[in-house]
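Please look through the sequence and the structure shown here before reading on. The report after them takes up two topics in turn.

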Protein chains: 2
Amino acid sequence: MARTTTIRKRDAAATRAAILAAARERFLRESYDSVGLRDIAGGAGVDVALVGRYFGGKEGLFREVVMDDKRPNLFREPVDAADLPAFLAQLVIEDEADDREHRMESFVIMLRSASSPKAGEIIRDLVHQDVLGPLSELIGSDDADLRANMLLAILMGSGVLRTIMKVDAFDGSEAQRIVCGERFRCLFEAALSC
Amino acid sequence: MARTTTIRKRDAAATRAAILAAARERFLRESYDSVGLRDIAGGAGVDVALVGRYFGGKEGLFREVVMDDKRPNLFREPVDAADLPAFLAQLVIEDEADDREHRMESFVIMLRSASSPKAGEIIRDLVHQDVLGPLSELIGSDDADLRANMLLAILMGSGVLRTIMKVDAFDGSEAQRIVCGERFRCLFEAALSC
DNA sequence: GAAATAAATCAACAACTGTTGACTTGATGG
DNA sequence: CCATCAAGTCAACAGTTGTTGATTTATTTC
């Protein structure tokens, strides 16, 4: 049900990728602690033991899921400072069902497992280095750190609300989404200039 | 270590409260799934079985922790719409170490366990009814729902960043805190008027 | 002071967790 | 065609989880 059970010929790289994909799928919807290794392995159509073989353990698997930069990342394509508010607003209203690009995916995974003792450490480092760092550098002003925090707070907050708390005010009609995007763009601008 | 082991005389109400307090302490720092019932019971200085006796189970205990309105709540004291930005900004920069009033506590608990399957349902309902509802009503405009979402996104995002992601830009020197508070007040105003 | 009742503990349950070693299966190269 | 080695499965592990029934302990009531 979760995985298309195409008969994989014995291919280490392929099954590794399958496990990674199944894991990502689970971690996207539940927290680190509530996801079981057997569930992941089942989703990938392999035995649990392979998780240990390929990733060393649950922690290693999670680390690889969250660090997988072949997946769409928040700052994959460079964006210049002037476009930042519009860029972030776009992320906020991005349609979840639209599977061309889930740029918020890695973000949601981080938010979901941030409170788990083991996963938390991994995530905190990642946020500091891969998100807060680049963002602050992009802003460039003398109080860039604070500004970056404010931007990220808005982005994370809306992500929590929409994806985890299931608040629906964001995704109504298309017209509503446009309005919402405009409002958030304005809000991001305020965070940079107020 | 966690609980002052005063010899409690057999008092149902007191031990119930002790369990509740120990549980709150744990849920404030970890997620629903990673906190064990035995850890909670140990913190309260009682046997695990009592948790089942008094609260029916883990889920019931969590529900009671998160619904306990004798504890400081976000909107305990009424606040009029004009003061809302300043009020929310105050919450953002509120010192965590200051134990007179932890008004963000219930919030952090919600954020920490929102991604756990069982705890998630409870929390989602609570956010809608007890937070988003009053907030939207307080704002009163025709697009109040969207505005409330924006405010809550900022509040939650900064909560996540500060408490869970351990980002330290918020709590530096006293001067920094003042500046930070001012910025956030301005941001909340923008969310209401942009 | 003995009986009744509530409070708390003990012990064990069944289910599940992540992990590990031994085993089987399949493909590959000579 | 057989030996080699990687890929995958199986089974069991030791630990933990939440939960429950029986049992003991303290308090109250007559």
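## Basis of the model

This is a predicted model, in which local features need pLDDT of at least 70, side-chain atom pairs count only at pLDDT 80 or more, and totals for chains, interfaces and linings use all residues. Residues are numbered from 1 along each chain as its sequence is written, chains are lettered from A and ligands numbered from 1 in the order in which they are written, and side-chain values use heavy atoms, with hydrogens and water left out.

## Around DNA strand C

There are 21 residues around DNA strand C, and those that come nearest are Arg10(A), Arg38(A), Lys58(A), Arg10(B) and Tyr54(B). A residue counts as near a strand if one of its heavy atoms lies within 4 Å of it. Of the atoms of DNA strand C that come within 4 Å of the protein, sugar and phosphate account for 52%.

H3(B) gives the most, with four residues. Helices are DSSP runs (H or I, at least four residues), numbered from the N terminus.

In Arg38(A), a polar side-chain atom lies 2.8 Å from a base nitrogen of DNA strand C.

## Between chains A and B

Each side of the contact (heavy atoms within 4.5 Å) is listed by chain: 44 residues from chain B and 44 residues from chain A. Ser115(B), Met165(B) and Arg183(B) supply 19% of the area that chain B buries against chain A, more than any other three residues. Buried area is the accessible area (1.4 Å probe) that two parts lose on being put together, summed over both. For chain B and chain A this is about 3,600 Å², with 74% on carbon and sulfur atoms.

Two salt bridges are found across the interface, a salt bridge being a side-chain nitrogen of Lys or Arg within 4 Å of a carboxyl oxygen of Asp or Glu. Asp143(A) and Arg183(B) meet in a salt bridge, at 2.9 Å from N to O.

Technical notes. A polar contact is a pair of N or O atoms within 3.5 Å; within protein, one must be able to donate a hydrogen and the other to accept it, and residues adjacent in sequence count only if both atoms are side-chain atoms. Helices (H or I, at least four residues) and strands (E, at least two) are DSSP runs, numbered from the N terminus.
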